[in-house]
Amino acid sequence: MPDGLVQIGEVAERLGLSLRTIRHYEEVGLVVPERTPGGFRLYSETDIGRLALIKRMKPLGFSLEEMRDLLEITDRLGAGDDDPTLINRLQMFERAVAERADKLREQLAMAREFGEQLRRQRMRAAPSA
């Protein structure tokens, strides 16, 4: 195996993703691993970083198209592209992440409040011991 490249099983283990999920991201073009002559996928650290970024975006509800857009931005910036629109687009993603994280915090607070309400109701209904 070429230096620095790992097989899909190791990537799945490192990132906590299923093989199926990693293959799906390849099918939709978000990551393009190298292939051995026998067809085995080999992932670079760059590929693994892309998958880690995708994993972080998924619970925030970003679409595949949004993931593709952010990956393009980070690829271009990483390659030294100094197009100022890239920074603006990146800032839009930063704002979207902050907004989505705030919404998740609100949902979590509501879930905790609901759980507490159920606990209080159970305590009132429980026979005295």
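Q: Which cut-offs make a residue buried, partly exposed or exposed?
A: Buried means under 20% relative accessible area, exposed means over 50%, and partly exposed lies in between (1.4 Å probe, protein chains only). The model is predicted, so mind the ground rules. Local features need pLDDT of at least 70, side-chain atom pairs count only at pLDDT 80 or more, and totals for chains, interfaces and linings use all residues. Residues are numbered from 1 along each chain as its sequence is written, and side-chain values use heavy atoms, without hydrogens or water. Now a case: Phe62 has a relative accessible area of 5%, so Phe62 is buried.

Q: How is a pair of aromatic rings described?
A: By the distance of the centres and the angle of the planes. Rings of Phe, Tyr and Trp (its six-membered ring) pair if their centres lie within 6.5 Å; planes under 30 degrees apart are stacked, over 60 edge-to-face, the rest tilted. This structure holds one aromatic pair. Phe62 and Phe93 form it, with 5.9 Å centre to centre and 40° between the planes, which is tilted.

Q: Where do Phe62 and Phe93 lie in the chain?
A: First, the naming: helices (H or I, at least four residues) and strands (E, at least two) are DSSP runs, numbered from the N terminus. Phe62 is in the loop between α3 and α4, and Phe93 is in helix α5. They are 31 residues apart, so the pair links distant parts of the chain. Phe93 is buried too, with a relative accessible area of 11%.

Q: Which residues have the most contacts inside the largest nonpolar core?
A: A nonpolar core is a set of buried Ala, Val, Leu, Ile, Met, Phe, Trp, Tyr and Cys residues joined through side-chain atoms within 4.5 Å. The largest one has 25 residues, and Val11, Leu15, Ile22, Tyr43, Leu51, Ile54 and Phe62 have the most contacts inside it. Helices α1 (8-15), α2, α3, α4 (64-78) and α5 (84-125) each supply at least two residues of this core. Helix α3 gives the most, with five residues. Look at Leu15 for contacts, meaning heavy atoms within 4.5 Å. Beyond residues up to four places away in sequence, Leu15 touches Ile48, Leu51, Ala52 and Lys55.

Q: In what order do the three strands form the open sheet?
A: Two strands pair if DSSP finds at least two bridges between them. Here the order is β1-β3-β2, with antiparallel pairing. Strands β1 (6-7) and β2 (34-35) stand at the edges with a single partner strand each, so one side of each has no neighbour in the sheet. Strand β2 pairs with β3 (residues 41-43) over two bridges.

Q: With which side chain does the side chain of Glu26 make a polar contact?
A: A polar contact is a pair of N or O atoms within 3.5 Å; within protein, one must be able to donate a hydrogen and the other to accept it, and residues adjacent in sequence count only if both atoms are side-chain atoms. The Glu26 partner is the side chain of Arg41, at 2.4 Å. Glu26 sits in helix α2 (residues 19-27) and is buried at 18% relative accessibility.

Q: Where does Asp83 lie?
A: In the loop between α4 and α5. Asp83 is partly exposed, at 24% relative accessibility. Its side chain joins that of Thr85 in a polar contact of 2.8 Å.
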